[in-house]
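Please consult the sequence and the coordinates alongside the text.

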2 protein chains.
Amino acid sequence: MPRADQSYKYQIQIFLINMTPQPVSLCAGDELHPDRTFVNIKDVDSSYAGKNVWIRARLHTSRGKGKTCFVVFRQQYHTIQGLAVVDDKNITKQVVKFISGVSKESIIDVHAKVQNVPKPVESCTQKDVELLIEEFLVMSLAEPQLPLQIEDAARPVTEDDENNLNIKVNQDTRLDNRVLDLRTPANQAIFRLEAGVCKLFRDVLTEKGFVEIHTPKIISAASEGGANVFTVSYFKGFAYLAQSPQLYKQMAIAADFEKVFTVGAVFRAEDSNTHRHLTEFVGLDLEMSFKYHYHEVMNTIGQLFTEIFKGLQTSYQSEIEIINQQYKVEPFKFLDPPLKLEFPQAVKLLREAGVEMGDEDDLSTPSEKLLGKIIKAKYDTDFYMLDKYPLAVRPFYTMPDPNNPKVSNSYDMFMRGEEIISGAQRIHVPELLIERAKHHGVDIEKIKSYIDAFRYGCPPHAGGGIGMERVVMLYLGLDNIRKTSLFPRDPKRVTP
Amino acid sequence: MPRADQSYKYQIQIFLINMTPQPVSLCAGDELHPDRTFVNIKDVDSSYAGKNVWIRARLHTSRGKGKTCFVVFRQQYHTIQGLAVVDDKNITKQVVKFISGVSKESIIDVHAKVQNVPKPVESCTQKDVELLIEEFLVMSLAEPQLPLQIEDAARPVTEDDENNLNIKVNQDTRLDNRVLDLRTPANQAIFRLEAGVCKLFRDVLTEKGFVEIHTPKIISAASEGGANVFTVSYFKGFAYLAQSPQLYKQMAIAADFEKVFTVGAVFRAEDSNTHRHLTEFVGLDLEMSFKYHYHEVMNTIGQLFTEIFKGLQTSYQSEIEIINQQYKVEPFKFLDPPLKLEFPQAVKLLREAGVEMGDEDDLSTPSEKLLGKIIKAKYDTDFYMLDKYPLAVRPFYTMPDPNNPKVSNSYDMFMRGEEIISGAQRIHVPELLIERAKHHGVDIEKIKSYIDAFRYGCPPHAGGGIGMERVVMLYLGLDNIRKTSLFPRDPKRVTP
């Protein structure tokens, strides 16, 4: 086995000449690779003391000190201390010097003896053991100058820094160098939790008999009105990017799929540079036919959120804790079953708090925030559902309340005072849909195919669309939606 | 309870005046709906004989005959016969006449007594019982003229039709009226099976430790070269629609996610009007770092397919049977573990069959088809993996074989002789990537961010992208990819 100093040169040579990450002799055939079983850093504890292990990890930091070099190895959010000591056998002075010089973020195969430490290693997640390095192979060499340091990007925002000495990595630097930024423990955890939200969304709905569908993103007419829509050149003509799967979900209901969900990209050409707007995000959408009352659907969505919150609590506790180490996370509170209020109750609460608003006014963003605080104080929940919005503030396809023409069969749901789903019973009767569209000044000709979808029998139905990134941001109490989008898109950013 | 003739008028009135699908008295409050438990047609068998049931279903067909009206009710792929007979109580002559006149595809709430039939009802899936109608409420009335008849759209393609009397519904008529077309039993089953493919893909990979990611569709540079890419107007500038999540999957690997998958829309501005091309389809993509050999990844993908095929066999047998009633499905054969061949073996088999080709030529589409037949005959499998493609026919980012400069570490996989996944080890070393890009005449400046992603340490990795609609089409042996896309997009179609 090549030793550290040789292996480095050897590996680099291999890369450039032989174009493969392992020595030629090791990849002549399928099964010919070294007899090494790798272990994960998170598993290496005192039970390994005295044993030899192979680990593939990033070189997180290194610090040479005479005849010794201290190294921290990292895998996602797990770190372990390594130690190379001149022993006049494998580890010569040159080897220690070489290890000290390998650039941070390089990927290393390290072979080492695990040993207990006299006092806990505070700087690592594995506190009780360290690795006495015997072999050190550079599998992928990082460039020596990193555009940002992982320690800087990973530093707790609350950390004491009276003299303002710590380097802060601003958001654009992070996003410009997203591949590095994503390596922080918090980011590793955020996107694993986000995957969990999607999995829970799908699993809960599949269990309830929903069918997953895929709706087209390229469409011939703007689905939610002409503003805020991206135009695509389509061969010799033009098309648009779907602002939601709304029409297609409803067509699936008219096509007898009964209960459907879809997870996919939605696009908004909105020139909003705020903490909570993206031009492209992931929609978790659902639509469901019901027998008698749209509350059958609203309650299903409420249960869905309860199940998602419970699932995160149960299965993603360690991710939440890791995120909490960088960003202070207020634990997310919810009630089971969820709190349900009607719009006039919200208006009353806001008026009691001094907000002036009419009965048919929509909630402003600051009012929503304030309402979230009032409800948290009063009911101790970060999630609630608000039913029966004024008809005037909802889209034309929203079903009016049969008992009150000023009110609609529609609802929003909120997390920490921000809207995360807007939903409603939809009008499934073509004549009424035309009447309401005309009332809103919508050009009937442009939505003909939408209206026609309901001409051949359609059950009553309701649904809603959830912004995935918002759910994760608000569940964790993060301050910017760009923290929960892997490669965020906003009016000023389409790279990387 | 209103009787049939009254209820019809009443319901329509309700729709138009009260804007709700149920009588006003039934929706005054949340819980105020009639005390009815609905049953599903598929569950109504002899065990229900003598009992009364409520069913909400489509009026599939009706046929009045003097004092009797025969009706077929339909839910997805289940049908049951109903019978209204003049009894001089609820069911008057007028009622029978009214029921006979309700348009097909209307949604009906029917209250009926279940009774055994003297001989099986051949035209329905529920053969042993029928419904003696007592109440008949029109919940949603279809227009009397349907653009296509469900019976025509659902007719088996193989059905004897010597005199060519049966009405055939051509593909454009189907797609123009997709909401109706999707109501056929075969389509109901196809899209449920497709949802199953996605679920199996995700579940198998999640079980193996993969993390789900979401990659942007709006990108600043064409990911797979400049041709065949859609341009989007992006505020005051331009952007493109991603032709694959390739770059972003690889960036996720460089960002320490180790194993990732993503399910989402991919876009190809290819003016191909064939049975197997779409301009927008759903990509099932995965990427995985490996320790020593890209076969670790290739074998993982092979296992993934085996698990998907097994899962479909186990959990979607009834859907497959229903599809088989309209489209003759040859059962899909596969080996466990899957058959793996090397490219030169394929060339040899083709040459033995009379095909002339050079060692470094790519396989033409007819050659792929022929090879599929040869391999089926020789190995009795509809799925196989073909490894070690000539370097010359693969994209610039494909890792060359370290032992043979003419060969690459890349593979395709096939179902019934058509490619459904193309994959490879990717070059993770910037210097080599630049060298190969230059060799292919790719402008280095345009792929700078792609190359830069590998500058800060990246493990060796491989992956692939699967076309969801192709997998379903080929698994079922269907003849056109438009049959497995809910709302297909091709150069000539962006509606509905």
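Predicted model: local features only at pLDDT ≥ 70, side-chain atom pairs only at ≥ 80, totals over all residues.

Residues are numbered from 1 along each chain as written, chains are lettered from A in the order in which they are written, and side-chain values use heavy atoms, without hydrogens and water.

**Cavities**

The structure contains six cavities of 30 Å³ or more. A cavity is a set of points on a 1 Å grid over the protein atoms alone where a 1.4 Å probe fits but cannot get out, and lining residues have an atom within 4 Å of a point. The largest cavity holds about 250 Å³ of space. Its lining comprises 27 residues, and those closest to the centre are His214(A), Thr215(A), Pro216(A), Val282(B) and Glu469(B). Strand β10(A) gives the largest share of this lining, four residues. By class, the lining has 14 nonpolar, six polar and seven charged residues.

The second largest cavity holds about 170 Å³. Of its 19 lining residues, Glu280(A), Val282(A), His214(B), Thr215(B) and Pro216(B) lie nearest the centre.

**Salt bridges**

Over all chains there are 66 salt bridges, each a side-chain nitrogen of Lys or Arg within 4 Å of a carboxyl oxygen of Asp or Glu. Three of them are listed here.

| Pair | Closest N and O atoms |
|---|---|
| Glu151(A) and Lys104(A) | 3.3 Å |
| Glu352(A) and Lys348(A) | 3.2 Å |
| Arg56(B) and Asp109(B) | 2.7 Å |

Arg56(B) lies in strand β1 and Asp109(B) in strand β4 of chain B, 53 residues apart. Residues are buried under 20% relative accessible area, exposed over 50% and partly exposed in between (1.4 Å probe, protein chains only). Arg56(B) is buried at 9%, and Asp109(B) is buried at 0%. By contrast, Glu352(A) is exposed at 56% and Lys348(A) is exposed at 53%. Both Glu352(A) and Lys348(A) belong to helix α10 of chain A, four residues apart, about one turn of the helix. Helices (H or I, at least four residues) and strands (E, at least two) are DSSP runs, numbered from the N terminus.

**Helix α9 of chain A**

In α9(A), residues 317-326, the buried residues are Glu319(A), Ile320(A), Ile322(A), Ile323(A) and Gln326(A). These residues cover an arc of only 160 degrees around the axis, which puts them on the same side of α9(A). The arc is taken from the directions from the helix axis to the C-beta atoms.

Technical notes
1 Å grid on protein atoms, 1.4 Å probe; cavity = no way out; pocket = protein on both sides within 12 Å on 5 of 7 lines; lining within 4 Å. Points joined across faces, edges and corners; volume = space filled by probe spheres on them. Nonpolar A, V, L, I, M, F, W, Y, C, P; charged D, E, K, R; others polar.
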